[in-house]
Amino acid sequence: MKPNIYRNLALALFAGLGLFIVLTFRQYGISNDEFVQHTYGRLLLDFYSSGFHDQSAFHYINLYLYGGFFDLIAAILERILPLWLWDMRHLLSALFGLGGIVAVYKMARLLGGERAGLVTAILLTLTGAWTGAMFTHTKDIPFATCMAWALYYTMRIGQELGYRRILQIPASLSIKLGIAVGCALGMRIGGIFAVIYLSLMLCLAIAPQLRLTPSKGRLLLDTLRFFLPAAAIAFVLMGIFWPWGVMSPTHPLEAAKAFSHFAFDMKTVMDGEVMRIGQVPRDYIPAYLMVRLPEVFLLGLAGVALFGWQQLRRYKARPQVWLPWAALLISIGFPLFFILFDRPALYNGIRHFTFLLPPLAVLAGLGLCLMWDVLRERPILRKGYALASISLATLAVVTLLRLHPYEYVYYNHLAGNLAHAEHAWEGDYWSSSLREAAHILESKVPGETEKGIGGGEVVAPYRVAVCAESIQGQAYLDHRFQITSDWLNADFFISSTQMGCDTVLQGRVIGTVQRLGAVLAVIKDRRTLLAHQRMPRPTQLTDLKEGKRS
């Protein structure tokens, strides 16, 4: 096909995704952290609207350790848009997700042309950990998108440096890079990874010239001079969205230390083995990537592993090509090295490293295209490869459609069927399925009434226990139901099945939320239980054992 055909197909994909977002953003449930995150955004808005006097945001739980880029925008839009708050947040987050898909298209196009850009955009679209998460992971997806754009501009800078004998870059690229990095740092201190990627690539770029020039210090200063706009813009944006982070030179270090080693007691599960988040094995993230990525995605990564080195050898004398490649490989390799070296507390699968998905998608997209080119002289194998790729992509599409709106719980067939994977690996950890569970509860309970004061009939306020944040149930239940913290006397219980939370309270199961044979949430009626049956009990993790791995 001609390049413009691939470009038009990519534009059609973006338009289709935009339509999908508009049609479905109201179907996703509130996630566990959304209430506190949005409260933090409101407090940041109060900080600015009060003329910097109201500093409640810097004492709210531990949210001050995060930047409020997304949450501050959402708090502003809350006062402007006529949308329900939670739907508005999901729409905004999904638009960030779409922006991330555009970013990987541009990165892959830079390295492999329009065809590679299209293939890469399709791969990330087929990844449930991105396309499903982009509605509800309102911290992870916006951060990953900013990191993807920062990487794209880093690759562009590498390309510019490769074309020029004198190390210099256009001011426009420096400004764009500063915006992307500043927004990333305005959400998480992890945005510093983008600075590390750039620094390592620059070391590769200037190393040859350092050997040839007697004035090494002057060369370094001249190079850094071009990044002053980026540094200034990034610092200003970080300060706007994360004011606590610039109030003291030690604050970013405190945030980095806190995120590397969480102190709270929590457990995660990996391949059927339960473990504390501070004791996860070194292969936790690689193992989750292996089962969370679609099979066609893994096929692309295999293509790079088999033939990528041959391709890179051709670019050895062309720094305008291998420097962007180096930036891409650094953006994947460095976080994985950090995990192995620092061993941070990890949970919720790849959630905290969602920013790895865009560069991995670029690598996989290039791998698929590379395998297609390698098989040019073998038409039978090429046809088989095309059939396998299309079949695997179709399988991913069908699976995501059947999971909707819980695409983010997607696992490939290496994890077994979904019914097994949802217990052997992290399942609906955001409890998004409670939205549907609440609607099922409403439909199962008739509009019963009782005598009120003066003989009038009023609807009974049923007490509902929720194994999640109360807002995740209350937001969707009508006036007949009231969320209670008195679980002992609760009339009903709704819970996701994540980490056995549904087994904490007994009751007659009157409804379930299911996809592909996996039970994501349960609704229990407790009204007929005896006193001894109402007592909460520890979670029963079926077929799981607490791991001893270190």
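Strand 8 (residues 508-515) and strand 9 (residues 518-525) run antiparallel and pair over seven bridges. Here helices (H or I, at least four residues) and strands (E, at least two) are DSSP runs numbered from the N terminus, and two strands pair if DSSP finds at least two bridges between them.

This is a predicted model, where local features need pLDDT of at least 70, side-chain atom pairs count only at pLDDT 80 or more, and totals for chains, interfaces and linings use all residues. Residues are numbered from 1 along each chain as its sequence is written, and side-chain values use heavy atoms, with hydrogens and water left out.

**Exercise 1.** Work out which parts the salt bridge of R515 and E436 ties together.

*Step 1.* The R515 and E436 side chains meet at 3.1 Å, N to O. A salt bridge is a side-chain nitrogen of Lys or Arg within 4 Å of a carboxyl oxygen of Asp or Glu.
*Step 2.* R515 lies in strand 8 and E436 in helix 18 (residues 434-444), so the pair ties together parts that are 79 residues apart in sequence.
*Step 3.* R515 is buried at 15% relative accessibility, while E436 is partly exposed at 24%. Buried means under 20% relative accessible area, exposed over 50%, and partly exposed in between (1.4 Å probe, protein chains only).
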